[in-house]
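Me: I'm new to this one. Can you walk me through what is here?
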Amino acid sequence: EVSSSSSKGVPHSTALAACRALAHEMPALNSLDTVVGTLLRLLCDPQPSYRARAVRALAEVLDADASLFAQEQVRLAVSARLLDTAVSVRSSAVDLVGRHLLRCTDAASFDEYYRALSVHVVDAGVSVRKQVVHILRAICAARSGDDPVVTDACVKLAGRLSDEESVRALALRALAELWFSSEAGAAEHAKQLVVVASECPRECADEWLGGLLRDVSASNRAVCSKLCDAVVALFSEASGTAHQAQCVRALELFAQAAPALLVPYVPLLVPLLRAIGACSGRPLTAQDCALAGGLARVLRRVVPLCCNPSPVDIERMASCFSVLVCAQDAQQPRLVRDCAAALTVVCNAHPTAGTITPRARIAGLVDHLCLVLSSEATPSAAATASRLAEWCALYALGVLCQHSGNFTAALSQEEEE
């Protein structure tokens with residue numbers, strides 16, 4: 001009757017409203033609340049198999065009436081099954097949430113379900129972790145790139161890069177599709193990469209995110225270059241040492257995977273390095289050390305690729321690195337090592353850096369390093385790392401001396417006097 005009425009000119013909305021009014025009078029729909037109530041009680045059944053079946057049945061009911069998904073009693077019951085002791089029940093609950101989360105229009109309900117779901121990316125069950133990775137991937141694809149939920153999902157996906165191979169492969173594929181499928185949205189993707197690089201453990205990020213960038217730079221150079229440019233833009237606009245250190249951490253990954261992309265930006269990095277070197281008279285904060293070390297690791301890989309670097313930039317880099325090495329003690333072995341390695345690269349790649357480094361500064365570096373090396377230290381892992389870092393610095397000084405003209409003769413003359 002509705003079909004025939006619609007064909008005679010009755011508006012479709014009127015016919016649809018009539019159908020709903022008639023359906024509301026049907027006994028089956030009047031008992032919907034009873035059906036849902038029964039399923040919610042079955043979710044607490046002692047048998048895991050019954051609980052899993054009840055979750056699946058509830059998912060079918062929600063397919064018919066999505067508004068039930070936002071009801072508090074349903075949300076609390078589903079959240080409780082996400083914490084079930086049985087993997088099969090948790091898997092069914094994750095599947096239910098994944099099926100309906102993207103269609104949820106209530107922001108508060110979405111946030112509650114997302115928080116309850118996302119923690120299971122570290123679930124004890126491998127199958128559950130895979131399901132959550134798939135759902136996070138779908139969330140990232142469906143929502144705007146500047147949505148904080150997408151950034152949080154990216155961080156959680158990156159956290160699975162240290163997982164077993166099957167889960168890690170899914171997470172890597174999700175990140176690759178999100179960041180490198182096209183050049184569009186590079187600014188949002190750069191923000192996500194900066195947060196992910198700073199949150200992900202260094203060894204894991206260097207191995208897997210660096211490897212991903214390396215593969216993409218080989219197969220899709222344009223997309224990788226666009227993303228690199230966007231990260232540099234964030235760095236140039238960053239306010240505060242903490243945000244700058246996060247951006248430099250992301251640039252480290254590009255320096256490992258495709259250092260040639262950063263060659264044009266060396267003049268942009270040198271002034272910040274000078275600013276940190278100018279503060280070396282006072283104790284550097286942890287953020288200062290992180291930023292200085294990151295810049296040293298980036299420049300160490302990029303400077304050798306510079307064809308005609310500015311002599312002023314070379315002089316400033318050599319000066320800043322030598323100051324930073326001299327200003328640090330055994331409490332900052334990593335920073336000493338990174339700055340010394342960068343100093344070595346600068347001097348080897350551009351020998352004039354040794355001739356423009358003041359002799360007094362080199363002598364001061366020698367005095368400082370000899371004092372540290374001659375000090376008695378209790379054997380430990382930290383002491384060993386510090387000692388190795390200082391030896392690395394001495395090697396850098398040896399390169400400086402090699403390119404310093406008559407420095408060795410002058411130093412010998414001073415010792416005789």
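Reply: One term first. Buried means under 20% relative accessible area, exposed means over 50%, and partly exposed lies in between. By that cut-off Arg 81 counts as buried, because its relative accessibility is 14%. Also keep in mind that this is a predicted model.

Me: What does the side chain of Arg 81 meet in a salt bridge?
Reply: The side chain of Asp 84. The N to O distance is 2.3 Å. Asp 84 counts as buried too, because its relative accessibility is 4%.

Me: Step back a bit. How many helices and strands are in the protein chain?
Reply: There are 23 helices and zero strands. The protein chain has 417 residues, and buried residues make up 46% of them.

Me: What share of the contacts with a separation of 6 or more comes from residues 24 or more positions apart?
Reply: In the protein chain, 71% of them.

Me: Now the inside. Which residues touch the most other members of the largest nonpolar core?
Reply: Leu 58, Leu 96, Trp 179, Phe 254, Leu 262, Met 317 and Phe 321. That core holds 118 residues. As a general point, nonpolar side chains tend to be buried together in soluble globular proteins.

Me: Take Leu 58. What is it in contact with, leaving aside neighbours within four places in sequence?
Reply: Leu 39, Leu 40, Leu 43, Val 74, Val 78 and Leu 96. Leu 96 is also one of the buried residues of helix α7.

Me: Which other residues of α7 are buried?
Reply: Among them are Val 89, Ala 93, Val 94, Val 97 and Leu 101. Arg 90, Ser 91, Ser 92 and His 100 are on the list as well.

Me: What covers the buried residues of α7?
Reply: The cover includes α5 (48–64), α6 (72–82), α8 (107–118) and α9 (126–142).

Me: What span should α7 have at 1.5 Å a residue?
Reply: Helix α7 runs over residues 87–101, so its 15 residues should span 21 Å. Its end C-alpha atoms are 20 Å apart, which agrees.

Me: Back to charges. How many salt bridges does the structure hold?
Reply: It holds 19. One of them joins the side chains of Asp 63 and Arg 99, at 2.2 Å from N to O. This pair links distant parts of the chain, with Asp 63 in helix α5 and Arg 99 in helix α7, 36 residues apart.

Me: Are Asp 63 and Arg 99 buried or partly exposed?
Reply: Asp 63 counts as partly exposed because its relative accessibility is 35%. Arg 99 counts as partly exposed because its value is 31%.

Me: Where do Asp 152 and Lys 156 lie?
Reply: Both are in helix α10 (residues 148–158). They sit four residues apart, about one turn of the helix. Asp 152 is partly exposed at 28%, and Lys 156 is partly exposed at 23%.

Me: Which residues do salt bridges with shared partners join into one network?
Reply: Arg 202, Asp 206, Arg 249, Glu 252, Arg 297 and Asp 338.

Me: New spot. Is Arg 129 buried or exposed?
Reply: Arg 129 is buried, because its relative accessible area is 9%. Arg 129 is found in helix α9. A polar atom of its side chain lies 3.5 Å from the backbone oxygen of Ala 124.

Me: What else does Arg 129 touch, not counting residues up to four places away in sequence?
Reply: The list includes His 120, Val 121, Arg 160, Asp 163, Glu 164 and Val 167.

Me: Where does Asp 163 lie?
Reply: In the loop between α10 and α11 (165–180). Asp 163 is buried, with a relative accessible area of 10%. A polar contact of 2.7 Å joins the side chains of Asp 163 and Arg 160. Leaving aside neighbours within four places in sequence, Asp 163 is in contact with Arg 129 and Arg 168.

Me: Last one. Where is Val 303?
Reply: Val 303 is in the loop between α17 (286–302) and α18 (311–327). Val 303 is buried, with a relative accessible area of 1%. Val 303 and Ala 260 are 43 residues apart in sequence, and their C-alpha atoms are 9.5 Å apart in space.

Terms used
Residues numbered from 1 in each chain as written. Predicted model: local features only at pLDDT ≥ 70, side-chain atom pairs only at ≥ 80, totals over all residues. Heavy atoms only, no water. Core = buried A, V, L, I, M, F, W, Y, C linked by side-chain atoms within 4.5 Å. Buried < 20%, exposed > 50% of the residue type's maximum accessible area, 1.4 Å probe, protein only. Contact = heavy atoms within 4.5 Å. Helix = DSSP H or I, 4+ residues; strand = E, 2+ residues; numbered from the N terminus. Expected span 1.5 Å × (residues − 1). Salt bridge = Lys/Arg side-chain N within 4 Å of Asp/Glu carboxyl O. Polar contact = N/O pair within 3.5 Å; in protein donor to acceptor, adjacent residues only side chain to side chain.
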